[in-house]
Amino acid sequence: MKKITSSHNPMHIVTTEPVISAQNLNHYFGEGTLRKQALFDINLDIYSGDIIIMTGPSGSGKTTLLTLMGGLRSAQEGSLKILGQEMCSASKKQLRDVRRQIGYIFQAHNLMTFLTAKENVRMSLELHDEFLNQDMDAKAISMLESVGLGNRADYYPDSLSGGQKQRVAIARALISQPKIVLADEPTAALDKKSGRDVVELMQKLAKEQGCTILLVTHDNRILDIADRIIYMEDGHLISDGVDAAAKVG
Ligand code: ADP
Ligand code: MG
């Protein structure tokens, strides 16, 4: 437990657990003589509602850390708590329960090409029992409207632009109101303007829903949307906050 001042509302003192907490976290790939350490002694606490940008050179361990946090890869050594659940030695069911509360946005949008925009967004609701008796089509359309694609609901991904596809991916990630959104280089395949639009949209929706965003990027044009910037190098988290901004800036 820690007393913190919310970055959005400095007058509002809240006492809260971090939504993500890593302590002495290590990670290794390969076995025997091929075993290679990818993460070294990561210590990091992230609090509710913040937008964190993670940056650093290619190969520095950003994706590895993000996939561990998302329960998409098993945590091996140290401690990693996500929404209060310890991920090291968690059962399959515990991992699944955590994953349900997380929205994912990847560099490539990963939309199903044989489903329309609406069906792609709706699919994410179908994974949650609590939405099954609601009008999921209406919810999916309204979510597409909030990313500016109300008139594209019945389009297939192949007939949408890169930026539009990524906006569908955002709608899909946020429709179930996840507590955490993990985004791995979501603007990498987009031009400057679409990239900016996409992150501003993520920022707006996340602030409305009070969700925490952890976004990996090389794109220093979007750093200003962050409440906090962290910098990785060679598997180490080497700076946090103002120093990190200076490193990329
Ligand atoms: P980043 O996302 O910062 O570019 P990654 O987390 O993808 O970095 O990679 C960190 C290190 O771990 C790199 O040296 C990479 O080669 C290695 N690595 C990543 N994924 C695997 C894997 N599945 N098997 C073996 N090594 C991996
Ligand atoms: Mg990566």
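A backbone N or O atom of Gly59 sits 2.6 Å from an oxygen atom of ligand 1, a polar contact in the sense of a pair of N or O atoms within 3.5 Å (within protein, one must be able to donate a hydrogen and the other to accept it, and residues adjacent in sequence count only if both atoms are side-chain atoms). A polar backbone atom of Ser60 is 3.2 Å from an oxygen atom of ligand 1, and Lys62 brings a polar side-chain atom to 2.8 Å from a ligand oxygen. On its own, ligand 1 exposes 560 Å², and the protein buries 59% of that (Shrake-Rupley areas with a 1.4 Å probe).

Before going further, note that this is a predicted model, in which local features need pLDDT of at least 70, side-chain atom pairs count only at pLDDT 80 or more, and totals for chains, interfaces and linings use all residues. Residues are numbered from 1 along each chain as written, chains are lettered from A and ligands numbered from 1 in written order, and side-chain values use heavy atoms, leaving out hydrogens and water.

The shell around ligand 1 includes Phe29, Lys36 and Thr64, where near means a heavy atom within 4 Å. Helix α1 (62-69) and strand β4 (36-46) each supply at least two shell residues (DSSP runs: H or I of at least four residues, E of at least two, numbered from the N terminus). The most comes from α1, with three.

Now turn to Gln166, in helix α5 (residues 162-174). Gln166 counts as buried because its relative accessibility is 2%, with buried meaning under 20% (1.4 Å probe, protein chains only). Its side chain reaches the backbone oxygen of Pro186 at 2.8 Å.

Definitions and conventions. Buried means under 20% relative accessible area, exposed over 50%, partly exposed in between (1.4 Å probe, protein chains only).
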